[in-house]
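Have the structure open beside you as you read.

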Amino acid sequence: MVRTGELLDVLLAAGRRADRLTHVRHLPAHEGTAVDWPAWADADLVAGYRALGVERPWRHQALAADAAWSGRHTVLSTSTGSGKSLAFWLPSLSAVRAQAAARALDPGRIETVARRGSVLYLCPTKALAADQRHALDRVLSAARLRDVRVSTCDGDTAQEERRWVQEHADVVLTNPDFLHFALLPQHRRWARLLGSLRYVVLDECHAFRGVFGAHVAAVLRRLRRVAGTYGADPVFLLASATTAEPAVSAARLIGVPPDQVVSVSDDASPAGRKTVALWQPPEVAPAEGPWSGLLPEDDPWALPLDEPPVDVDRVGDGRSAGDADRVGDGHSAGDADRDGAAPGAAAPGAAAPDAHLPEVAGDAGAPGSDDPAARTAAPAPGPDAGSVGPAREGSGPLGTGEDLVADDPDRPRRSATAEVADLLADLTAAGARTLAFTRSRRAAESVATVTREHLREVDPELAGTVAAYRGGYLPEERRELEQAIRTGRLRALATTNALELGVDISGLDAVVIAGWPGTRVSLWQQAGRAGRAGADGLVVLVAREDPLDTYLVHHPEAALDAPVEATVFDPGNPYVLAPHLCAAAAETPIRAEELDLFGPGTRELLDVLVARGALRRRPSGWYWTHAEQAARLTDLRGTGGDPVRVVESTTGRLLGTVDSAAADSTVHGGAVYVHQGATYVVDELRLEDGVALVDRRDVDYGTWARWVTSTEIRSVTAERRWGPVTWGFGAVDVTTQVLSFQRKRIPDMEVLGSELLDLPARTLPTTSVWWTAPVEVLEQAGITVETAPGALHAAEHASIGLLPLLATCDRWDLGGVSTALHADTEQATVFVHDAYPGGAGFAERGYDLGATWLRATREAIATCPCRTGCPACVQSPKCGNANNPLEKAAAVRLLDAVLAHAPA
């Protein structure tokens, strides 16, 4: 095995890359603490674990298993690779076997036949379910147990096999989508399973956050309700990454008080020494041009990931939209590694004439150079002793008064994608087994392609040990890649966050992360892939040109020392809950005594649904009386209706799907669509049919959409004043309309032309935080009428980039608008809104921590070494107005003037 210290030396290239390393942290190894097997554990099952090398369980495994066996809802929140699966399989399989034994001892009793215990396992992705099925089969085989019937069941399961599962399976592995679209609407077919349900296992439950978490929370309440009608009251066993307040999050997810959930978070598993390196790519030399360093196969129009992680194997399900048993695991394009825009508006509306061109999804990545000798800016030494690199004199942006560490300040930095390809090639050549996490499907393909090109120059055989792993592959291809990296046939995978979840890939030496993954929970989940099973590991976080990334690699305490986030979601979000109430009423009429299960405000929401004709009120409850399926009213992972299918015109082949809300900007007529390295051009977007028709063409350009957005305040939930400055939080309507697109040649980004589009406006009802800058504040900051739009715009961009530091979200979960005069506030105003219908709690977090948020925003702008603005501070990869106008120095003065009124 390659030593971690040697790997870091490989990356530093004998000192040639030393100035890219901004911080090194060594996390010490620690021993594990094992305990005896619980007395109640099934003896054959224990023998099976021992045969696989598990002589005794770790203390946290035994504690969680004991709590679950005693009938308590339990959440186990420990690190990656700590053996959480044993903690939930031990009690659940022991219960199944105990009840099977009771049936064998007294086969004549009817209740023993009807109540043979069953287990329902739920996880975010099919890949994880398949991995757990494989691991469970190994345990049962080692234990020589043939009386426990295990099966996966999802949207790909044939009807004949599905019937066998309904009639015979003891353990069913599936996902929340299957519950929503198939199992719960057809619960009578699943009466045996539901009536005998002892345990419900929720694996990787930290992934159920944001709007996706609110949907899953509603599905689980529906599951508890339907199971109750068959006489079952299952115990919930939740496995989570290390998060804050796991019991509170788990209770909110399943719909019980927090004191009814046992939390086990003291990780007793062994861990090897881990080295964490923070890395900033070098500047680009001026002569090379800002885009000359792009990867040959890189895709500047590749779009970012949407969190939370979701399923990616569903494309090609083959069922018609009208199929009553259609299941869409990952039915929307919101994959764990999808190339799709941030969630957007959902319904037609009208754009305001004073609209500002705002945040637009479409991450081009940072421009850069492949020249390893390119000069780099030395980082400012931080308070941590691990910071490295000499300080240099420099000056900040004009008008800020800042003294900054800077080299040549207007040079862009090399893209994180290009840098990661180099690092991955060096690690592979050194013999390391590595995962490289990227931010998009296209980036994963690009990193793998360029890494192979680098290795081919060294050893052609090495090139064959690197591959990409992402959504869009067939399930069998993904399983083959997982097996290849496990066995060592592959040394490196360039992957999206599809491999962040608990698929068992151990024995890795290193993890390279291209850009801040959005949360500290995800950071440590990805980092946990290095050195699993108690071995040493190296983790390298490579910064993108993004305000948050730049901030974090120069403030290691914010990334590495701050506590992990809590899982944020709102089960009472009316935009999420309303369709689930309809689905629940269709499953069985909702009774008055059941309203508490769905939370406060349920009665009022039911009244609205009745008034709108969705439900009928009768003395006995609320009824769904429509012919169509209520479950079709919403999907768990999308935001604006059914996804748009991308179909090749000449063959009829389905290439993929795009969220309805993202379709206007990504698959409009003339757009370039990329699939598995091949480029297609959209001939026609048929919104009414939900289809984009494309033709295969090799093109040397990409397309960028431009759109206009306006924000209207519908209601004010909370408001406070900082002197003349007003902070607000409330409901808003964000109306967006795609107007045109540009063609830009790759890689020099020369504009080849633009074209107008005729697409409908869409309105997103959501929640927003906003702050005003009245005339006196603008005057105090020395901001003129001419510079005000650019100052506000720059502050908006940077604040969106920094809010994920305080809320469990990514910048792609947010949108923003700034205007020098807003019709509702009658003042200059900056809005930052949640990019989901009904909101997701992120903007509210910004409102609660306004002063902290704006101070971090101000620091990120002021300490950036550029003079006029760059992707690391005020430029946004999502801006629909091509990052124009932007006034960096004026933004710093504006934020200083606003913060001068903040309470002490």
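How many disulfides does the count come to? This is a predicted model, and the count of disulfides in it comes to zero. Take Cys 866 as an example: the nearest cysteine sulfur belongs to Cys 873 and lies 3.6 Å away. A disulfide here needs two cysteine sulfur atoms within 2.5 Å, so Cys 866 is in no disulfide.

Is Cys 866 buried or exposed? Cys 866 has a relative accessibility of 3% and counts as buried. Cys 205, at 8%, counts as buried too. Buried means under 20% relative accessible area, and the table puts the two residues next to each other.

| Residue | Relative accessibility | Class |
|---|---|---|
| Cys 205 | 8% | buried |
| Cys 866 | 3% | buried |

Now for the helix pair. Helix α10 spans residues 210-229 and helix α11 spans residues 246-254; their axes come within 7 Å and cross at roughly 60°. The two helices are therefore oblique to each other. On the α10 side, Gly 213, Val 216, Ala 217, Leu 220, Arg 221 and Arg 224 take part in the contact, meeting Arg 252, Leu 253 and Ile 254 of α11. Sorted by type, the residues of this contact are five nonpolar, one polar and three charged.

A word on confidence before you go. The protein has an average pLDDT of 82, and 81% of the residues score at least 70. Over residues 287-409, however, pLDDT stays under 50. For that stretch the model has 419 contacts beyond four places in sequence.

Methods
Residues numbered from 1 in each chain as written. Predicted model: local features only at pLDDT ≥ 70, side-chain atom pairs only at ≥ 80, totals over all residues. Heavy atoms only, no water. pLDDT = per-residue confidence, 0-100. Contact = heavy atoms within 4.5 Å. Buried < 20%, exposed > 50% of the residue type's maximum accessible area, 1.4 Å probe, protein only. Axes fitted to C-alpha atoms, helices over the stretch in contact; angles between N-to-C directions. Helix = DSSP H or I, 4+ residues; strand = E, 2+ residues; numbered from the N terminus. Parallel < 35°, antiparallel > 145°, perpendicular 65-115°, else oblique. Nonpolar A, V, L, I, M, F, W, Y, C, P; charged D, E, K, R; others polar.
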